[in-house]
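The following note sets out numbered points on the model shown below. Please read each point alongside the structure.

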Amino acid sequence: ERLINGAIRRDHSLHFPRPGIAQSRRPPDWLDRETLADGFRLHVEVRAGHVRQCGPARILTVSQDPSYRNLTVGQDDADLVIRLRTVNSTLNGYPELVMPNVFASDNWRTIEINVAEQLLTIEVDGEILATKPLPASPLKNWDQSHPLAFGNELTGDRPWLGQVASAVIYVDDTKYNLLDQQELDLPPMYWRGGSVSTPNSGITGLEDLTVVNRERAVDFILN
């Protein structure tokens, strides 16, 4: 099913007032097993558009579909959810890490994910919320073909509503701006359902609603 893309680019940020997607035109240049051997540091600044979003809803994802991913930063109701593929996880990044109530308010949040020296560290607004030991070369099984997307899964059925003001990843002492307009595509239409068979949790039929009624409809459908 083809849907109107609700993603909006404003200055150097991304806004998702209604379901949509922003996706890279190709797999990111930094997505290289040798380059990632020593890990990475991801910095994102986001504000959720609603406390009730599920799936988890994809804020940022480096993945193929709902079943295969390298990394996902998501929202499940008020909780922050991180899925990271490592040599000790499934190809879908399980077991996931859940940090409760990060999105309990509509405040801006700064999220830092650091993989270094065999340790995963997750910080929100400068506070360490989770750590997890990792084996040596934990990312050597990352899939170099996965693209980057914001606001949704590539299959279009894990929409997230909110704003992304900044998204930067540091790999091998090099800084990459993940919101680079030259790298991200905001197609006027996108497909919900994609090329794989997945549970259908997308949203349609909202384009002609007023802003208030659309928000109520999103709240009802997602819950």
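1. The largest nonpolar core has 45 residues, and the members that touch the most others are Phe40, Leu42, Leu80, Phe150 and Val164. A nonpolar core is here a set of buried Ala, Val, Leu, Ile, Met, Phe, Trp, Tyr and Cys residues joined through side-chain atoms within 4.5 Å; buried means under 20% relative accessible area, exposed over 50% and partly exposed in between, with a 1.4 Å probe and protein chains only. Strand S5 gives the most to this core, namely five residues. Strands (E, at least two residues) are DSSP runs numbered from the N terminus.

2. The model is predicted: local features need pLDDT of at least 70, side-chain atom pairs count only at pLDDT 80 or more, and totals for chains, interfaces and linings use all residues. Residues are numbered from 1 along each chain as its sequence is written, and side-chain values use heavy atoms, with hydrogens and water left out.

3. On confidence, the chain has a mean pLDDT of 87, with 87% of its residues at 70 or more; pLDDT is the predictor's confidence in each residue, from 0 to 100. Residues 195–223 have a pLDDT below 50, and this stretch has 45 contacts in the model beyond near neighbours in sequence. Contact means heavy atoms within 4.5 Å.

4. Which residues does leucine 42 touch, not counting those up to four places away in sequence? They are Leu60, Leu71, Val73, Ile111, Glu112, Ile113, Val168, Ile169 and Leu178.

5. Strand S14 is largely enclosed by the rest of the structure, because eight of its 10 residues are buried. Two strands pair if DSSP finds at least two bridges between them. S14 runs antiparallel to S5, with eight bridges joining them, and alanine 48 stands opposite glycine 162 of S14. S3 and S14 are also antiparallel, joined by three bridges; histidine 15 has glutamine 163 in S14 as its bridge partner.

6. S14 pairs with strand S15 (residues 174–177) in the antiparallel sense over four bridges, and valine 171 stands opposite threonine 174 in S15. The hairpin of S14 and S15 has two residues between the strands, and in this hairpin aspartate 172 takes a positive phi near 55°.

7. Rings of Phe, Tyr and Trp (its six-membered ring) pair if their centres lie within 6.5 Å; planes under 30 degrees apart count as stacked, over 60 as edge-to-face and the rest as tilted. There are two aromatic pairs by this rule. Phenylalanine 16 and tryptophan 160 form an edge-to-face pair, because their ring centres are 6.2 Å apart and their planes lie at 65°. This pair links distant parts of the chain, 144 residues apart: phenylalanine 16 is in S3 (residues 13–16), and tryptophan 160 is in the loop between S13 (148–150) and S14 (162–171). Phenylalanine 16 is buried at 2% relative accessible area, and tryptophan 160 is buried at 0%.

8. The rings of phenylalanine 40 and tryptophan 142 have centres 5.8 Å apart and planes at 50°, so this pair is tilted. It too joins distant parts of the chain, 102 residues apart, with phenylalanine 40 in S5 (residues 40–48) and tryptophan 142 in the loop between S12 (127–133) and S13. Phenylalanine 40 is buried at 3% relative accessible area, and tryptophan 142 is buried at 1%.

9. Proline 135 lies in the loop between S12 and S13. Its C-alpha atom is separated by 7.7 Å from that of valine 87, 48 residues apart along the chain. Leaving aside neighbours within four places in sequence, proline 135 is in contact with Val87, Asn88 and Gln118.
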